[in-house]
Amino acid sequence: MIDIIDELLWREQIAQSTDLGALHEALSAGPMTLYCGFDPTAPSLHLGNLAQILTVRRFQQAGHRPLALVGGATGLIGDPKSTGERTLNSEEIVQDWVGRIRAQLERFYDFDGPNAAVVVNNYDWTKSMSVLEFLRDIGKHFSVNRMLDREAVAARLAKDGISYTEFSYQLLQSFDFLELFRRYGCVLQTGGSDQWGNITAGVDLIRRTEQTSVHALTTPLLTKADGSKFGKTETGTIWLDPALTSPYDFFQFWLNADDRDVKNLLHTFSFKSREEIAELLLATEERPHERAAQRALAEELTDLVHGLHERESAEAAGRALFGHGDLAALPHATLAAALREAAHAGVQADEVIDGALPSIDELLTRSGLVSSKSAARRTIAEGGAYANNERITDENWRPTTENLLHGEWLVLRRGKRSVAGIQLFPSS
RNA sequence: GGCAGAUUGCCCGAGCGGCCAAUGGGAGCGGACUGUAAAUCCGUCGGUUAAUACCUCCGAAGGUUCGAAUCCUUCAUCUGCCA
């Protein structure tokens, strides 16, 4: 059996833990059941969640049994954020998100074999509980004095205040741990370091009700060298759902990672061996321009999240669009596939007048590269607009059918990295 | 329940009757430099427009005024103090 603690220590993935020695011992003694929860606060999980998912996946690969919890109940309440009260989502929306997130989680775990994973939903054991039962059986074990110490709660008290709803969140999460302990013998909860308070509250609850000590383990918060928030780009959050973040954008995200973050990213996300990781880090240090580590990360993670096929398309698209070769020299199929991966929009044949397409500002707007025609003109004035890799300086320029590659595609680019295709559709 | 204060663009935060599409900072975006990196410098940062101009915008709805983000009324939310 793999020594998972040793592995996580090497990867610098342990921020806090209850008695690490005791946990290590228990893990060595045989398969352990552990859980990590995910609240449906959006229709998809994102990269921050992925780090947690993969930590649990490492446990499973080391022979332990994971429970993947979807917070159908906790998602209705909302974990307090230090910035302010959340807006409650309707039950229908939360239910819908629960379904989506459950499906996403299933991709990362093994549901066969002796340590098969189980997906659970805390709504199942929370929905029928009465208020009185909850307050007497769970609430009695909590000290408000201690709950007030929690960082997010303290921040809110100092600022705009906090509703009773969110204040109670910790009780629900603690109850989950207790329930999973009773149902599955779950004795470890993992999560991000921001969850430490919630997790140890569950540990305390189990100690009081079951007279047993269970374990807590948190991973460090992901940070970026430039101080910006991890997992976000100019276009927003990097989601795992291909409908929200295309495999192409997902791949590009890793490829564009900062050199300084590469080590942390490999440790957190990659399942490569220590030797392979060391090699990639050495390559980054000696030949940074090759970005071997970024490439390896992009390939491995896109494979994992979207599958080999999507990965290959995304990679081919990037090569085609960023290659220094002549776009016109690209085979039609490659170009079309690449542009479908990136953003794209269409032009109908009847919009073509005397062989000329709509003007460049209209096309830029339509492709989604800019948000308005004003922005399009601004981009052109700034020298950031390109068609088929040639800078466009005239905002009234209209491409002609002659400009279309293979008679069908026009490649638009904004700045260096944002690419979109305009496709000409034959008259219908 | 009473009194006082607050609510400005993605975020923070000035403005307190016309010169306000609204100072400044951050984030974002474009250019130069690069490695589809970082840092730095320059530019830009509501919408339509070739431009003049017009439209929308300062918690919500009304009102005063030739003119309101700025004054008044009501409402909503938040904060503090007093019951």
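**View 1. Asn-389 counts as partly exposed, because it has 14 C-beta neighbours inside 10 Å.** A residue is buried if 20 or more other C-beta atoms lie within 10 Å of its own, exposed if 12 or fewer, and partly exposed in between, with C-beta atoms placed from the backbone. The model is predicted: local features need pLDDT of at least 70, side-chain atom pairs count only at pLDDT 80 or more, and totals for chains, interfaces and linings use all residues. Residues are numbered from 1 along each chain as its sequence is written, while chains are lettered from A and ligands numbered from 1 in the order in which they are written. Asn-389 lies in the loop between E10 and E11; helices (H or I, at least four residues) and strands (E, at least two) are DSSP runs, numbered from the N terminus. Leaving aside residues up to four places away in sequence, Asn-389 touches Leu-327, Val-411 and Arg-413, a contact being two C-beta atoms, placed from the backbone, within 7 Å.

**View 2. Five strands form an open sheet in the order E9-E13-E12-E10-E11, with mixed pairing.** Strand E9 (343-348) and strand E11 (390-391) are at the edges with a single partner strand each, so one side of each has no neighbour in the sheet. Helix H18 (residues 332-341) packs on this sheet and touches E9, strand E12 (409-414) and strand E13 (418-425). Strand E10 (residues 385-387) is joined to E11 by two bridges, and the two run antiparallel; strands pair if DSSP finds at least two bridges between them. Opposite Ala-387 stands Glu-390 in E11.

**View 3. Strand E2 (residues 33-38) is mostly covered, with five of its six residues buried.** Six bridges link E2 to strand E3 (residues 65-70), and these strands run parallel. Within E3, Arg-65 is the bridge partner of Thr-33. Strand E5 (residues 188-192) is also parallel to E2, joined by two bridges, and Gln-189 in E5 is the bridge partner of Tyr-35.

**View 4. Helix H13 (residues 247-255) and helix H16 (residues 292-306) have axes that come within 7 Å and cross at roughly 150 degrees.** H13 is therefore roughly antiparallel to H16; angles under 35 degrees count as roughly parallel, over 145 as roughly antiparallel, 65 to 115 as roughly perpendicular and the rest as oblique. Axes are lines fitted to C-alpha atoms, for helices over the stretch in contact, and angles run from 0 to 180 degrees between N-to-C directions. Among the residues making the contact are Phe-250 and Trp-254 of H13 and Leu-297 and Leu-301 of H16.
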